[in-house]
Amino acid sequence: MEKKKVAITGISNSGKTMFLTSLLWQLQEIGEANFHLEKDIKISGFRVIRSGVRRGDTFPFHRYREKMAHEKRWPRKTTDIQRFRCRFDYSSKEGLRSVLSRLSQRFSRKSQQLDILDFPGERIADAAIAAYSDFGQWSDYMFDYFDDNPGYNGAGFRLRQALEAENLEIDTAARAYRETLVSFIRDCKPLISPSTFLLDGEGNTLAPEQMESSASERPCGLDADSQFAPLPESVREANPKLAKKMRKHFKWYRKRVVQPLFDDLAKSDSLIILIDIPSLLLGGVQRYNDNRQIILDLFDALGEKKFKVFSSSLKRIAFVATKADLISPDDIEKGTLQSLLIQMNRRAEDLLPDMEIGWFECSACWSTSPGGSENYLKGVPWQDNPEKKKIEFQVTPLPDGWPPDWNPEEYRFQEVFPDISLNVQKPPKHKGLDRIFDFAVIR
Ligand SMILES: Nc1nc2c(ncn2[C@@H]2O[C@H](COP(=O)(O)OP(=O)(O)OP(=O)(O)O)[C@@H](O)[C@H]2O)c(=O)[nH]1
Ligand SMILES: [Mg+2]
């Protein structure tokens with residue numbers, strides 16, 4: 001039996017849960033799915049494997065599917081890593097046509113185990129913790145990063161000043177760092193590490209209204225008694241006891257939170273990165289810059305240039321522009337959506353020269369139809385629509401390239417209810433899942 005490992009990531013709300021739910025749904029109900037693989041490969045016998053999978057963090061595919069079909073709602077937010085294991089068989093017609101057709105059919109049938117790792121993009125901020133086993137090296141890396149990046153250096157400077165206080169205690173140091181992290185979150189800066197400060201691993205994301213109190217309450221570390229913060233070298237030398245404690249706390253966090261994820265990631269054959277382009281246009285240029293930075297940080301981690309400890313088995317990366325059903329069909333036909341995706345992530349080709357990179361457009365659950373005229377779509381809007389009426393609405397055409405600056409108000413895309421059949425045997429209408437599956441799993 002062949003085995004493949006695939007990791008899926010994207011920042012919050014990029015469509016990861018829907019992507020995976022719909023993909024597994026198509027595989028399970030392959031007879032009803034519009035799912036075509038290259039070389040006429042046919043999938044059969046999809047089954048969920050429960051043995052050998054850690055309980056507690058399993059991707060609850062059936063629960064998501066049932067809930068979607070019954071409630072006709074999108075899956076709920078997920079805030080931590082989820083894993084899933086399944087098996088299926090596949091055979092290609094090429095084999096069938098060969099001389100000893102019956103025999104070759106038997107031999108061309110292959111069994112495949114697929115391990116899926118779904119992780120929030122926010123965890124990428126911990127890549128440096130994965131890369132540096134030494135607390136001192138990690139601290140130096142963090143302060144270099146703050147110094148080198150304009151969006152961080154003001155807060156980095158203030159943190160250094162706070163840490164240079166006499167008789168520094170662990171509580172004061174942790175509090176100063178938590179304040180720094182809150183200021184990064186407020187400025188939408190992605191380097192929030194330890195990432196559990198933002199997503200605590202128990203399903204709780206830090207909400208804006210919790211910001212003030214979080215500087216005093218949310219721990220930067222595994223828990224309130226094991227916090228750590230980057231300490232400049234001079235501070236480590238002046239406070240050896242404190243440095244020793246934080247070194248220990250850093251190690252615990254690294255072992256419990258960071259290594260399990262990054263070890264799995266390094267063992268993956270393919271990585272699928274989901275990017276929600278309509279939301280980047282609606283979010284403005286700063287949001288775009290920050291999202292791009294998260295992805296560049298991941299390349300740094302994978303590229304073995306900056307972080308030499310990684311030796312990853314990754315061979316393929318699929319960049320996926322999600323929610324293609326929310327933009328004008330013209331922009332898909334003309335290739336504008338794909339072109340924006342490539343422009344944003346082109347540096348992957350330089351930073352990861354040995355990796356095969358694929359570019360895809362996708363909608364995991366196609367929920368609109370073309371309207372009567374150009375740039376109009378039909379669907380059931382989510383907001384201000386208590387009767388769930390299907391209406392026609394206008395969407396903004398995509399720009400040909402990412403503009404130097406833009407006002408989010410220039411763009412309009414409409415969130416809609418999912419178009420889902422009550423019959424769970426009918427998987428959602430989709431675009432691109434088959435091509436992505438072909439690239440990341442079958443090839
Ligand atoms: N129109 C449309 N909307 C989608 C599609 N996929 C996801 N969405 C929308 O995007 C939202 C987020 O999708 P999820 O799959 O929950 O995204 P996620 O990346 O798992 O988000 P987190 O769990 O918060 O990290 C959904 O609630 C939908 O509103 C799609 O194919 N079409
Ligand atoms: Mg999710």
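**Core, domains and local details of a predicted model**

Me: Which residues have the most contacts inside the largest nonpolar core?

Reply: Ile 272, Ile 273, Ala 318, Val 320 and Ile 436 have the most contacts inside this core, which has 108 residues. It is called a nonpolar core because its members are buried Ala, Val, Leu, Ile, Met, Phe, Trp, Tyr and Cys residues joined through C-beta atoms within 7 Å. Helix 11 (residues 240-266) gives the most to the core, ten residues. Domain 1 and domain 2 each supply at least three residues to it.

Me: What kind of model is this, and how are residues numbered?

Reply: This is a predicted model, in which local features need pLDDT of at least 70 and side-chain atom pairs count only at pLDDT 80 or more, while totals for chains, interfaces and linings use all residues. Residues are numbered from 1 along each chain as its sequence is written, chains are lettered from A and ligands numbered from 1 in the order in which they are written.

Me: What does Ile 273 touch?

Reply: Leaving out residues up to four places away in sequence, Ile 273 touches Thr 9, Gly 10, Ile 295, Ile 317, Phe 319 and Val 320. Contact here requires C-beta atoms, placed from the backbone, within 7 Å of each other.

Me: How do you know that the span of helix 13 agrees with its 18 residues?

Reply: The expected span is 1.5 Å times one less than the number of residues. For helix 13 (residues 285-302) that gives 26 Å, and its end C-alpha atoms are 26 Å apart, so the two agree. Helices (H or I, at least four residues) and strands (E, at least two) are DSSP runs, numbered from the N terminus. Among the buried residues of helix 13 are Asn 291, Ile 295 and Phe 299. The buried residues of this helix pack against helix 5 (127-131), strand 5 (270-275), helix 12 (277-283), helix 15 (336-345) and helix 16 (347-351).

Me: Which domains does the protein have, and where do their bounds come from?

Reply: The bounds come from an automatic or database domain assignment, which gives domain 1 (2-124 + 265-442) and domain 2 (125-259). Their centres, taken over C-alpha atoms, are separated by 33 Å. In domain 1, 17 residues are in contact with 16 residues of domain 2. Helix 13 gives the most to the domain 1 side, with eight residues.

Me: Why is Gly 401 called exposed?

Reply: A residue is exposed if 12 or fewer other C-beta atoms, placed from the backbone, lie within 10 Å of its own, buried if 20 or more do, and partly exposed in between. Gly 401 has 10, so it is exposed. Gly 401 lies in the loop between strand 10 (391-394) and helix 17 (433-442).

Me: Is Lys 388 buried or exposed?

Reply: Lys 388 also has a count of 10 within 10 Å, so it is exposed. Its loop runs between strand 9 (376-379) and strand 10.

Me: Why is Lys 72 called partly exposed?

Reply: Lys 72 has 15 other C-beta atoms within 10 Å, so it is partly exposed. Lys 72 sits in the loop between helix 2 (61-71) and strand 3 (82-92).

Me: What makes the phi of Lys 72 worth a remark?

Reply: Most residues other than glycine have a negative phi. Lys 72 is not a glycine, yet its phi is positive, about 50°.

Me: Which residues come nearest to ligand 1?

Reply: Of the 23 residues around ligand 1, Gly 15, Lys 16, Thr 17, Met 18 and Trp 74 come nearest. A residue belongs there if its C-beta atom, placed from the backbone, lies within 6 Å.

Note on methods. Two residues are in contact if their C-beta atoms, placed from the backbone, lie within 7 Å.
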